[in-house]
Amino acid sequence: MMRQKIRNKFQELFSTEGSVYASPGRINLIGEHTDYNGGFVFPGAIDKGMIAEIKPNGTGKVRAFSVDLNDYAEFGLNEEDAPKASWARYIFGVCREIIKRGGQIQGFDTVFAGDVPLGAGMSSSAALESTYAFALNDLFSLNIDKFELAKIGQSTEHNYCGVNCGIMDQFASVFGKEGSLIRLDCRSLEYKYFPFHPVGYKLVLLDSVVKHELASSAYNKRRQSCENAAAAIRRNHPEVEFLRDATMDMLNEVKGDISAEDYMRAEYVIEEVQRVLDVCDALEKDDYETVGKKMYETHHGMSKLYEVSCEELDFLNDVAKKCGVTGSRVMGGGFGGCTINLVKEEKYDAFVKEAFESYTAKFGHEPKLYNVVISDGARKLA
Ligand code: ADP
Ligand code: MG
């Protein structure tokens with residue numbers, strides 16, 4: 001469907017045929033607010049993503065069409081050629097970041113579309129960036145390694161889209177593998193694949209469709225608390241660079257020296273880093289019940305210790321618990337967005353029905369539902 005639409009439009013606009021590339025959005029199973037504490041995240045690519053048809057046109061210009069926004073943009077490849085449309089800036093940014101790294105590219109024609117919901121926490125923007133980073137690398141034989149492709153996407157967000165993000169989203173979109181989640185060490189950038197074959201379970205995102213304004217000021221405060229706690233611990237234990245290196249014993253040694261709030265924040269982070277490792281162990285034993293238990297613990301920690309949940313997300317988490325869902329937690333930074341749920345197939349229908357009815361009754365609007373399957377990362381389709 002999506003590919004046919006892209007094909008038709010590309011033919012109509014450019015009267016020729018290009019190569020086709022795809023790159024996915026992502027989920028993060030566990031490991032929230034761990035990245036800036038030097039800890040682990042645990043993302044996987046999903047079966048929703050961006051598809052682009054693309055063909056070099058032998059000029060210095062890019063001609064791009066977004067099927068979903070029904071919008072066309074044309075721009076050059078020099079720094080001063082930045083397009084106005086925000087969707088086009090992602091493509092322009094990727095081109096610029098490649099050129100800055102010495103990659104020799106020329107203009108191209110392209111049409112793209114996607115099915116990652118925008119702004120729901122599945123990183124449609126990373127899907128867009130890695131589609132073009134991967135495609136241009138392949139089409140112009142640039143030999144850029146996969147890590148650098150992810151960094152090109154990240155730098156695009158920083159330098160052309162005003163989003164100061166970490167590397168997780170682009171990393172997952174490029175490195176994703178069907179049936180695998182990827183544990184990424186945010187300090188060393190070492191990564192390891194773990195099997196994810198939840199036979200008899202579904203992975204379900206419930207989007208609260210709210211975004212509370214507090215998010216960015218609260219985020220900065222949380223970071224400050226983590227730094228305060230780490231600094232206090234470091235006085236006794238110089239080897240503690242980040243909270244990721246600390247234990248609860250170390251934190252308890254400085255309990256009297258830091259604020260109660262900083263203590264709670266640090267407690268959450270130290271436990272969350274450990275939970276990622278516990279989930280990895282559980283997955284190696286195909287133990288999805290333990291995985292689910294850890295997801296609930298994360299939600300509890302984010303709600304009660306880190307205090308980044310909100311009424312809507314706590315409500316969705318409670319519904320999951322009541323319906324016997326195996327695991328459920330807020331996904332992403334908090335204050336809105338989705339919960340991620342690991343649901344036994346036989347409980348799925350009743351859970352979805354209850355979540356929709358009770359959430360709508362309480363908040364006056366429906367949540368949104370997305371089923372996801374862990375899938376491959378950036379690739380060429382044709
Ligand atoms: P997310 O959390 O989904 O990454 P962002 O706000 O970071 O949300 O990125 C969304 C932006 O990415 C959109 O505003 C748009 O510019 C671009 N984008 C994402 N998906 C598409 C699409 N299917 N078509 C065109 N642009 C898209
Ligand atoms: Mg984004």
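What follows is a chat about how to read the features of one predicted model.

Reader: Before I start clicking, what should I know about the numbering and the pLDDT limits?

Author: Residues are numbered from 1 along each chain as its sequence is written, while chains are lettered from A and ligands numbered from 1 in the order in which they are written. This is a predicted model, where local features need pLDDT of at least 70 and side-chain atom pairs count only at pLDDT 80 or more, though totals for chains, interfaces and linings use all residues.

Reader: OK, sheets then. Which strands make up the open sheet, and in what order?

Author: The general idea: strands of a sheet pair through backbone hydrogen bonds, either parallel or antiparallel. As for labels, helices (H or I, at least four residues) and strands (E, at least two) are DSSP runs, numbered from the N terminus. Two strands pair if DSSP finds at least two bridges between them. Here, the open sheet has six strands in the order E5-E4-E6-E3-E1-E13, with mixed pairing. Strand E5 (71-76) and strand E13 (379-380) stand at the edges with a single partner strand each, so one side of each has no neighbour in the sheet.

Reader: How many bridges join E1 to E3?

Author: Nine, and the two strands run antiparallel. Val20 stands opposite Glu53 in E3. On to the next pair: E3 and E6 are antiparallel over seven bridges, with Asp109 in E6 as the bridge partner of Lys55. Strand E1 (residues 19-28) also pairs with E13, in the antiparallel sense over two bridges, and there Tyr21 has Lys380 as its bridge partner.

Reader: And which strands does E9 pair with?

Author: Strand E9 (residues 201-211) is joined to strand E11 (residues 336-344) by eight bridges, running antiparallel. Five bridges join E9 to strand E12 (residues 368-372), again antiparallel. Look at Leu203: it stands opposite Leu342 in E11, and opposite Val372 in E12.

Reader: What does Arg244 touch?

Author: Two residues are in contact if their C-beta atoms, placed from the backbone, lie within 7 Å. Not counting residues up to four places away in sequence, Arg244 touches Asn37, Gly38, Gly39, Arg187 and Val273.

Reader: Where is His212, and is it buried or partly exposed?

Author: His212 is in the loop between E9 and H6. It has 16 C-beta neighbours inside 10 Å, so it counts as partly exposed. Leaving out residues up to four places away in sequence, His212 touches Cys310, Phe335 and Gly336. His212 and Gly336 are 124 residues apart in sequence and 6.0 Å apart in space, C-alpha to C-alpha.

Reader: Which whole elements are mostly covered?

Author: Helix H5 (residues 168-175) is one of them, with eight of its eight residues buried. Strand E3 (residues 43-56) is mostly covered too, with eleven of its 14 residues buried.

Reader: Which residues touch the most other members of the largest nonpolar core?

Author: A nonpolar core is a set of buried Ala, Val, Leu, Ile, Met, Phe, Trp, Tyr and Cys residues joined through C-beta atoms within 7 Å. The largest one has 109 residues, and Ile91, Val94, Ala229, Ile233 and Leu251 touch the most other members. Helix H8 (residues 260-284) gives the most to this core, with nine residues. Leaving aside neighbours within four places in sequence, Ile233 is in contact with Val240, Ala246, Met250, Leu251 and Val254.

Reader: Last one: which residues come nearest to ligand 1?

Author: A residue is near a molecule if its C-beta atom, placed from the backbone, lies within 6 Å of it. Ligand 1 has 16 residues around it, of which Asp68, Trp87, Gly114, Ser124 and Ser125 come nearest. Helix H2 (86-100), strand E6 (108-114) and helix H3 (124-139) each supply at least two residues of the shell.

Notes
Buried ≥ 20, exposed ≤ 12 C-beta atoms within 10 Å, placed from the backbone.
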